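Welcome to this short tour! Open your viewer, get ready to select residues, and follow along stop by stop.

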Amino acid sequence: MAELQSSNSTAAQALSEAARVNLLDFDLEGLTAFCEQLGEKRFRATQLFRWIHQKGAADFGQMSDLARSLRDKLATRAEVRGLKITSEQASADGTIKWLFDVGNGDAVEAVFIPEADRGTLCVSSQAGCAVGCRFCSTGHQGFSRNLSTGEILAQLWFAEHHLRERLKLQPGERAIDNVVMMGMGEPLQNYGALVPALRVMLDDHGYGLSRRRVTVSTSGVVPMMDRLRVDCPVALAVSLHAPEDGLRDQLVPLNRKYPLAELMAACGRYLEAAPRDFITFEYCMLDGANDSPEQARQLVRLVTGRAGTPAVPCKLNLIPFNPFPASGLLRSPKERVDAFAKVLMDAGIVTTVRRTRGDDIAAACGQLAGEVQDRTRVTQRLTRPAIRIAPAPVQQEGDRLHGRRAG
Ligand code: SAH
Ligand code: SF4
C-alpha cells in the first residue's frame with residue numbers, strides 16, 4: 001500500500017511538472033501576457049524576464065524584488081526548465097561542445113567558440129534535419145522533431161550563465177555576444193519557435209544582442225526568408241554550396257523546391273530590411289564536386305546578376321568540408337580552395353575561408369550529430385547510390401522546369 005501511494009504521488013508530481021509553464025518559452029510579450037493572466041502588472045514580467053535571462057536565475061525564491069505572493073504563484077504554476085546536459089567536450093583550441101538530452105532518445109548540441117574579440121554560440125534549432133544535405137552529418141541522421149522556443153533558448157541561457165562563472169567574468173561582462181543558428185537543424189523550418197527565441201536574444205531586458213550579431217543560417221526556405229524579413233530581421237547566412245541548379249539539387253535537396261533564381265530574388269528582398277547590407281553565402285568546399293575554377297566563375301556570375309538572377313551584395317564564406325564516412329565526399333585540397341577564392345576575390349567579392357574550430361571534438365560545421373530518432377526515412381533516401389557529384393552539365397531552362405519536382 002505504501003508503495004502504491006508513493007508511486008501515485010510520483011505520478012502526481014510528474015503530472016504537475018508537465019502542467020507547469022516553462023518560462024523559457026516566452027519572449028517578453030508572451031511573459032507579459034502570462035503575468036497578466038496571473039493578475040500581475042506588466043512591469044512584473046520585465047522584472048521576472050531580467051531575473052531569468054540577465055541573471056540566469058531559475059529559483060523564484062531568489063527573485064528578491066518580486067512580491068511574495070507572485071513568487072508563490074509562480075512556484076505552483078511555472079518553472080524555468082533548462083535542458084539536461086549529457087556531456088561536455090572541450091577542444092584544445094578553447095571550443096566547448098555540450099550535448100543536451102531533449103527526451104525520447106533525441107539529443108542536440110551547442111558549441112561555444114571563443115575568439116579574441118568575441119564569444120560565439122552555435123545553437124541548434126531541431127533534433128535532426130529534414131533537408132538532408134549530402135555533406136551534412138545532421139542531414140544524414142534524419143529528422144525527429146522541432147525544438148521549442150524554450151529548448152532553443154535553454155542552450156544560450158545555460159551557456160551564457162555557466163561561462164560567466166567558469167571564466168570568472170566581472171558583473172556586467174558577458175560571455176556570448178554573437179549567436180549563430182548554425183547547429184543542428186534548419187531554423188526556418190521551425191519558424192514559430194525560432195522567432196520568439198530570436199526576440200529574447202535581441203531584447204535589451206534579455207541578452208541585448210545586436211541584430212548584426214544574431215545570424216540565422218538557412219539552406220534557402222524562401223517563404224520563411226520573406227517572413228523573417230518582416231517579423232525579426234537579423235543577419236542572414238544562406239548555404240549555397242553550388243553555383244547552378246543541377247548540382248545544388250543534388251547537394252541541397254531543398255533546391256528542387258526553391259531553385260536558385262527564387263533564392264537569389266528572396267536574398268535581394270531580405271536585404272531591404274536586413275541589419276547588414278550584405279548576405280553571407282556559405283559554400284562548403286567538396287573535392288571534385290563544386291570546387292573547380294569554372295564553378296567559381298559561375299558563382300561570380302550568379303551573385304553579380306550575370307546569370308540572369310538578381311545581383312546580391314554578399315560575402316562569400318568558403319567552408320572546408322568536414323568529412324564523415326557516410327558522406328562519400330572529400331575535403332577540397334587547400335590549393336583548390338585558394339584558387340577558388342582567388343577567382344572570387346579577383347571579381348571583387350569579399351571572400352573568407354572559414355577556420356575550422358573544434359574539429360578534434362567533432363564540433364566543427366556539419367559535424368554536429370547529437371542523437372536523433374529518424375522519423376522521416378531521410379537516412380534511407382541518402383543511402384541511395386544515385387548521387388552524381390561531378391559538375392552537372394548546364395541545362396536549358398525548359399529542361400530544368402520539366403525536371404524539377406514539386407513539393
Ligand atoms: N540548416 C542551416 C544551418 C545549420 S548547418 C543551413 O544549412 O544553413 C550550418 C552550416 O554548416 C551550413 O552552411 C552547412 O552547409 C554547413 N555544413 C554542413 N555540413 C558540413 C560539413 N560536413 N562540413 C562543413 N560545413 C558543413
Ligand atoms: Fe539541414 Fe543545414 Fe545540414 Fe542541410 S546543412 S541537412 S539544411 S542542417
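Our first stop is ligand 2. Keep in mind as you look around that this is a predicted model. Select ligand 2 and show what surrounds it: Cys129, Val131, Gly132, Cys133, Cys136, Gly139, Gly185, Glu186 and Ser219. How do the residues of this shell divide into nonpolar, polar and charged? There are four nonpolar, four polar and one charged.

Next, select Gly185 again, this time together with ligand 1. A polar backbone atom of Gly185 is 2.9 Å from a nitrogen atom of ligand 1. An N or O atom in the side chain of Ser239 is 2.6 Å from an oxygen atom of ligand 1. Then click on Asn322, where a backbone N or O atom lies 2.9 Å from a nitrogen atom of the ligand. How much of ligand 1 does the protein bury? Taken alone, ligand 1 exposes 530 Å², and the protein buries 96% of that.

Now switch to a cartoon view and follow the strands. 10 of them form an open sheet with mixed pairing, in the order β3-β4-β5-β6-β9-β10-β11-β12-β13-β14. Select β3 (84-90) and β14 (350-353), which stand at the edges. Each has a single partner strand, so one side of each is left without a neighbour in the sheet. Look along the sheet for its twist, which averages 20° from one strand to the next.

Zoom in on strand β9, residues 178-181. Strands β9 and β10 run parallel, and three bridges join them. Pick Met181, and you will see Val216 of β10 standing opposite.

For the last stop, select helix α6, residues 149-166. This helix lies across β3, β4 (96-103), β5 (106-114), β6 (119-122) and β9. Turn the view to compare α6 with β4: the helix runs at about 140° to that strand.

Notes: Residues numbered from 1 in each chain as written. Chains lettered and ligands numbered in written order. Predicted model: local features only at pLDDT ≥ 70, side-chain atom pairs only at ≥ 80, totals over all residues. Heavy atoms only, no water. Polar contact = N/O pair within 3.5 Å; in protein donor to acceptor, adjacent residues only side chain to side chain. Areas by Shrake-Rupley, 256 points an atom, 1.4 Å probe, with all protein chains shown as cover. Pairing = 2+ DSSP bridges. Helix = DSSP H or I, 4+ residues; strand = E, 2+ residues; numbered from the N terminus. Axes fitted to C-alpha atoms, helices over the stretch in contact; angles between N-to-C directions. Contact = heavy atoms within 4.5 Å. Near = heavy atom within 4 Å. Nonpolar A, V, L, I, M, F, W, Y, C, P; charged D, E, K, R; others polar.
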